[in-house]
Each structure stands twice: as structure tokens, then as C-alpha cells.
Amino acid sequence: MREVTFASGAREFRKRRDGMIYAMDGGLWLHRHVWQGRPMVHFVSTDRARLLAYGDVVGIPAERLQYKPLRDPRTEVRREAWHWDLGGPVYPPVDERLLSD
């Protein structure tokens with residue numbers, strides 16, 4: 001999982017705004033959070049095909065991809081975006097190579 005996630009071009013950011021901008025530019029933003037006490041990851045992008053390709057490699061059915069328009073922090077314009085909710089066996093392990101400032 002670690003190598004697949006790294007090879008996909010996914011990145012984590014210390015600042016949410018920077019991650020959002022990366023996703024708005026078609027990058028794969030890996031955003032860690034906790035939901036009901038369980039570690040989860042949102043894997044976010046405006047590039048639906050890129051998200052689907054990642055899901056195919058790690059075995060996530062395409063019908064689990066979620067559509068959620070997001071506001072671009074640079075322009076405040078809402079744009080089409082998609083995300084995976086990842087947890088359990090498809091939870092990407094922490095990888096310092098993915099961390100961007």
C-alpha cells in the first residue's frame with residue numbers, strides 16, 4: 001500500500017489550504033482525520049480518473065467513489081471534486097515521503 005500510494009503522486013500537507021489547492025490542481029490529496037474514534041483518510045482530487053485508477057490498483061470498487069463539490073480557496077468558486085474514504089485494510093500508512101510543507 002505504501003508504494004502504491006507514493007507512486008500515485010499522493011501528497012499530505014501540514015496546512016489544509018495547501019492540500020486543497022493541490023487537489024484543485026488535479027493532484028491526489030491525502031487528508032488524515034478521525035471519524036468516530038477511528039483513523040480515516042480522505043483521498044481527494046478534482047481528477048476523477050486519477051482517483052479511479054488508484055482505487056482500481058488497491059481494490060476499491062468504483063461505486064464507492066464519492067462526489068462532493070469543493071470550494072477552491074484561491075477563487076472561492078465551487079468545483080467538482082471526488083474523494084475516497086479510506087480506512088481499515090486500505091488505510092494508507094504514514095509515509096514521510098508524501099509530506100509536503
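This is a predicted model: local features need pLDDT of at least 70, side-chain atom pairs count only at pLDDT 80 or more; totals for chains, interfaces and linings use all residues.
Residues are numbered from 1 along each chain as its sequence is written, and side-chain values use heavy atoms, with hydrogens and water left out.

**View 1. A surface patch of positive charge contains K68.** The patch gathers R16, K68, R71 and R78. Patches are made of residues with over 30% relative accessible area and no salt bridge, like charges being joined within 9 Å and nonpolar side chains (Val, Leu, Ile, Met, Phe, Trp, Tyr) within 5 Å. Lys and Arg count as positive and Asp and Glu as negative, whereas His and the chain ends are not counted. The place of a charge is taken as NZ of Lys, CZ of Arg, CG of Asp or CD of Glu. K68 has a relative accessibility of 46% and counts as partly exposed. Buried means under 20% relative accessible area, exposed over 50%, and partly exposed in between (1.4 Å probe, protein chains only). The areas come from the Shrake-Rupley method.

**View 2. Strands β2 and β3 form a hairpin.** Strand β2 covers residues 29-35 and strand β3 residues 38-45, and the two pair in the antiparallel sense over seven bridges. Strands (E, at least two residues) and helices (H or I, at least four) are DSSP runs, numbered from the N terminus; two strands pair if DSSP finds at least two bridges between them. H33 stands opposite M40 in β3. Two residues lie between the strands of the hairpin. Q36, in the turn, has a positive phi of about 50°, and this residue counts as exposed at 65% relative accessibility.

**View 3. A salt bridge joins R97 and E3.** The side chains meet at 3.0 Å, N to O. R97 lies in the loop between β7 (82-86) and β8 (99-100) and E3 in helix α1 (residues 2-7), so the pair ties together parts that are 94 residues apart in sequence. A salt bridge is a side-chain nitrogen of Lys or Arg within 4 Å of a carboxyl oxygen of Asp or Glu. R97 is partly exposed at 37% relative accessible area, and E3 is partly exposed at 49%. A search of the whole structure finds six salt bridges.

**View 4. D25, D72, R74 and R79 are linked in a network of salt bridges.** In the bridge between D25 and R74, the closest N and O atoms are 3.0 Å apart. This pair links distant parts of the chain: D25 is in the loop between α2 (16-24) and β2, and R74 is in the loop between β5 and β6 (78-79), 49 residues apart. D25 counts as exposed at 56% relative accessibility, while R74 is partly exposed at 39%. R79 forms a salt bridge with D72, the closest N and O atoms being 3.5 Å apart. R79 is partly exposed at 29%, whereas D72 counts as buried at 3%.

**View 5. E76 has a positive phi.** Most residues other than glycine have a negative phi. The phi of E76 is near 65°, and E76 lies in the loop between β5 and β6.

Technical notes: Accessible areas come from the Shrake-Rupley method with a 1.4 Å probe; for residues, only the protein chains shown count as cover.
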